[in-house]
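Hi there,

Here is the structure I promised to pass on to you. Please open it beside this email and follow along as you read.

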Amino acid sequence: DGMEQGELRGGPGMEENLLRNFSQLRAEYFSIGDFAAGRMPMAYVQFMEVLVDTLIFLAPLALYVKMGTFNIISTALLTLFFKGLLELSKSFLDP
């Protein structure tokens, strides 16, 4: 109706492009439910990754006061443990 009434103007192929874009938009709209139907919401996984990364980044600063030079070894162990635990939890999410 918009093209017949003159509200949408375009050259040849506009209708085809318009229908293609509407089809893509409709396909994306219906794929949103697929992300929510997973065992665990993707936002939770990303939030946990941000928390672990923040902990790993701030651990050396927080541990330096009490541990001194042993801080280097303890930070490496913390990083290894928490990053490994995060990767293990991701593999349990989608085996």
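One definition to begin with: a residue is called buried when its relative accessible area is under 20%, exposed when that value is over 50%, and partly exposed in between. Asp53 has 32% relative accessibility, so Asp53 counts as partly exposed. Please keep in mind that this is a predicted model.

Now the overall layout. The protein contains four helices and zero strands, giving the pattern α-α-α-α along the sequence. Of its 95 residues, 13% are buried. The accessible surface is about 8,200 Å², and carbon and sulfur atoms account for 67% of that surface. If you take the contacts between residues at least 6 apart in sequence, 45% of them join residues at least 24 apart.

Side chains of opposite charge can pair when their charged atoms come close. How many salt bridges does a search of the whole structure find? The search finds two.

In one of these, Asp53 pairs with Lys83, and the closest N and O atoms are 2.4 Å apart. This pair links distant parts of the chain, since Asp53 sits in helix 3 (residues 42-67) and Lys83 in helix 4, 30 residues apart. Lys83, at 29% relative accessibility, is partly exposed as well.

The other salt bridge joins Glu16 to Arg20, with 3.1 Å between the closest N and O atoms. Here both residues belong to helix 2 (residues 14-36) and are four residues apart, about one turn of the helix. Glu16 is exposed, because its relative accessible area is 52%, while Arg20 is partly exposed at 40%.

Next, have a look at helix 4. This helix has 23 residues, and from its first C-alpha to its last it reaches 32 Å, close to the 33 Å expected at 1.5 Å a residue. Which residues of helix 4 are buried? They are Asn71, Ser74, Thr75, Leu86 and Leu93.

Two of them deserve a visit. Asn71, which lies in helix 4, counts as buried because its relative accessible area is 7%. Beyond its neighbours within four places in sequence, Asn71 is in contact with Ala59, Pro60, Leu63 and Tyr64.

Leaving out residues up to four places away in sequence, Ser74 touches Leu63 and Met67.

Together with Met67, Phe70, Ile73 and Leu77, Ile72 makes a nonpolar surface patch of about 500 Å². Helix 4 (residues 71-93) gives the most to this patch, with three residues.

Happy exploring, and write back with any questions!

Terms used. Residues numbered from 1 in each chain as written. Predicted model: local features only at pLDDT ≥ 70, side-chain atom pairs only at ≥ 80, totals over all residues. Heavy atoms only, no water. Patch = residues over 30% accessible without salt bridge, like charges linked within 9 Å, V, L, I, M, F, W, Y side chains within 5 Å. Areas by Shrake-Rupley, 256 points an atom, 1.4 Å probe, with all protein chains shown as cover. Salt bridge = Lys/Arg side-chain N within 4 Å of Asp/Glu carboxyl O. Helix = DSSP H or I, 4+ residues; strand = E, 2+ residues; numbered from the N terminus. Contact = heavy atoms within 4.5 Å. Expected span 1.5 Å × (residues − 1). Buried < 20%, exposed > 50% of the residue type's maximum accessible area, 1.4 Å probe, protein only.
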